[in-house]
Amino acid sequence: MKSIYQHLLSFLLIIITTVSIIGYAEIKSVTTQSYEQNYRRMEDYASSLGDLAASDQKNGTVMLNSEFLDQLQFVLRGDDLHLHIFNNQGVQIYPKSRRLLRLKRNVFAVLSSGKEIHVRNNNEERSYLCHTRNPYTGVIVPWMSGHKIIGAIWLGSLVKDVERPIETAKHNLINALIIALLVGLVMSIILSYYSTNKINRLSRATKKVQSGNFDVQIEYKGNDEIDQLAASFNKMVQALKKYDQEVKTQEKRRDQFMADAAHEMRTPLTTINGILEGLQYDAIPEESKPKSIDLMRRETKRLIRLVNENLDYEKIRNNQINLTKTKFNAKKILEDVVIQLRQNADKANDQLELRAPNELPIYADRDRLTQIIVNLVQNAIQFTTNGHIVLSGRRITHGTQIIVKDDGIGMSKKQMKYIFERFFKADPSRARLGTGESGLGLAIVSSLVKQHGGKVEVTSEMGQGAEFTITIYDQGYEQYLGK
């Protein structure tokens with residue numbers, strides 16, 4: 001069932017239920033009121049006649065004049081009132097009847113105790129009075145002289161007269177129900193359309209998002225639940241748009257990586273294949289064979305490095321490596337890295353400088369720390385030409401910081417946002433010297449530092465160089481774990 005029909009049905013059921021409850025209570029109230037008013041009227045008549053009977057009694061028996069009662073009955077018929085009088089034995093003495101009519105013993109016993117009896121419908125309560133063509137409602141009132149009954153009177157009116165206000169109330173209720181249904185139907189249609197229109201807008205917007213349109217935004221003015229849902233929907237779409245852009249960016253980087261990897265692998269593979277063919281067909285002179293074999297060895301190592309970097313990153317990213325952390329002097333590691341990479345720096349005409357105290361205690365995995373520093377320094381060499389690179393270390397409260405600063409090409413704020421992500425290259429055209437080809441170096445640095453419970457920060461400006469700072473905390477003070 002469509003939502004608008006559900007709303008319509010709900011509103012109409014509420015209206016019908018409400019009107020029915022109110023109508024039932026009103027009819028019950030009118031019914032009770034009508035009968036109670038009739039009982040009181042009959043009781044007033046009966047009391048007046050009782051006073052006459054008490055003044056006209058003989059031997060403790062009611063003795064009202066028959067001619068007076070006939071005249072009284074004639075007057076009462078104008079109001080559709082019915083009159084019966086009984087003596088102190090419960091025998092009907094007016095109007096006269098060929099049959100002996102008397103009150104039931106249980107009825108007479110109640111009257112003898114001085115209690116009145118209210119009769120709602122004499123045809124349904126035959127223990128009180130005989131059956132009549134038209135049902136009557138009324139009272140049976142005892143006439144007492146002291147504590148002794150001298151007679152009783154039945155005064156009643158037609159049930160249909162008493163229930164006339166009830167019928168009027170019922171007709172009014174039906175009219176009110178019809179009017180309420182018509183008005184409620186119109187209002188339900190308006191309210192249902194208003195509510196379902198919001199839902200339909202959400203549905204249409206959802207379909208657009210499903211088709212890949214993440215620019216959808218729903219306008220809303222109120223603050224009800226649907227409007228709150230619309231606000232949440234807008235935030236969700238914005239998040240999806242951002243995520244979609246990130247995915248596309250990652251896909252673009254992955255494609256670029258695949259292209260770069262294919263290019264980087266094709267060159268050494270072509271070189272190796274050419275040398276092998278030359279060796280196979282004796283096309284390489286004997287004096288050139290050692291150089292050719294050395295070139296083939298370097299290109300093979302280059303291929304292995306490309307593969308190992310990817311495998312290493314996957315292991316690090318998935319926490320599949322175990323760090324063996326110990327406390328040692330990091331100064332020796334920094335000196336080894338400078339010696340290892342000085343040749344690469346010289347090729348770029350860069351000056352590589354080390355600044356660190358003789359004692360630089362650090363709590364880390366020695367091999368992985370070496371990997372971190374090598375990647376940072378290689379990255380600095382890659383993007384610096386004819387420049388100055390400073391590798392430094394210092395102690396801080398409960399930790400050690402290692403800084404790699406260069407005066408190379410630098411980075412923009414946008415580049416710094418993605419610099420530690422996989423496959424990202426700040427300037428792919430500058431990948432050279434056999435280092436940094438994969439775009440994984442800084443991603444590996446970030447993952448390893450986080451697994452140490454430390455942090456890595458970068459500051460840079462375009463054309464002003466870059467400064468990378470890694471912070472490794474002492475044992476028991478690790479932070480940022482799992483972030």
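Buried, in this tour, means under 20% relative accessible area, with exposed meaning over 50% and partly exposed in between (1.4 Å probe, protein chains only). The model is predicted, so local features need pLDDT of at least 70 and side-chain atom pairs count only at pLDDT 80 or more, while totals for chains, interfaces and linings use all residues. Residues are numbered from 1 along each chain as its sequence is written, and side-chain values use heavy atoms, with hydrogens and water left out.

**The whole chain.** Buried residues make up 42% of the 483 residues. The chain exposes about 28300 Å², of which carbon and sulfur atoms supply 53%, accessible areas coming from the Shrake-Rupley method with a 1.4 Å probe and, for residues, only the protein chains shown counting as cover.

**Helix H11.** Select residues 441-451, where 9 of the 11 residues are buried, so that helix H11 is largely enclosed by the rest of the structure. The buried residues of H11 are Leu 442, Ala 443, Ile 444, Val 445, Ser 446, Ser 447, Leu 448, Val 449 and Gln 451. Continue just past H11 to Gly 453, which takes a positive phi of about 80°.

**The largest core.** Next, find Ile 373 and Val 377, the residues with the most contacts inside the largest nonpolar core, which has 40 residues; such a core is a set of buried Ala, Val, Leu, Ile, Met, Phe, Trp, Tyr and Cys residues joined through side-chain atoms within 4.5 Å. Elements that each supply at least two residues of this core include helix H8 (330-347), strand E8 (361-365), helix H9 (366-382) and H11, and H9 gives the most, with 8 residues. Keep Val 377 selected and show its surroundings: leaving aside neighbours within four places in sequence, Val 377 is in contact (heavy atoms within 4.5 Å) with Val 337, Leu 341, Leu 352, Leu 391 and Val 404. A second, separate core of 24 residues includes Ala 46, Leu 72, Leu 76 and Val 162.

Now select residues 388-396, strand E9, which runs parallel to strand E7 (residues 351-355) and is joined to E7 by 5 bridges; two strands pair if DSSP finds at least two bridges between them. On this side, the bridge partner of Gln 351 is His 388 in E9. E9 also pairs with strand E10 (residues 399-406), in the antiparallel sense and over 8 bridges, and here Val 390 stands opposite Lys 405 in E10. E9 and E10 form a hairpin with 2 residues between them, and His 398 in the turn has a positive phi of about 60°.

**Two buried helix positions.** Move to Asn 38 in helix H1 (residues 3-55), which counts as buried because its relative accessibility is 4%. Apart from neighbours within four places in sequence, Asn 38 is in contact with Thr 137, Gly 138, Ser 157 and Val 162. Then go to Ile 272 in helix H6 (residues 225-280), where the C-alpha atoms of Ile 272 and Arg 297, 25 residues apart along the chain, are separated by 8.5 Å. Ile 272 counts as buried because its relative accessibility is 12%.

Finish at Val 183 in helix H5 (residues 164-210), which counts as partly exposed because its relative accessibility is 44%.

Conventions. Helices (H or I, at least four residues) and strands (E, at least two) are DSSP runs, numbered from the N terminus.
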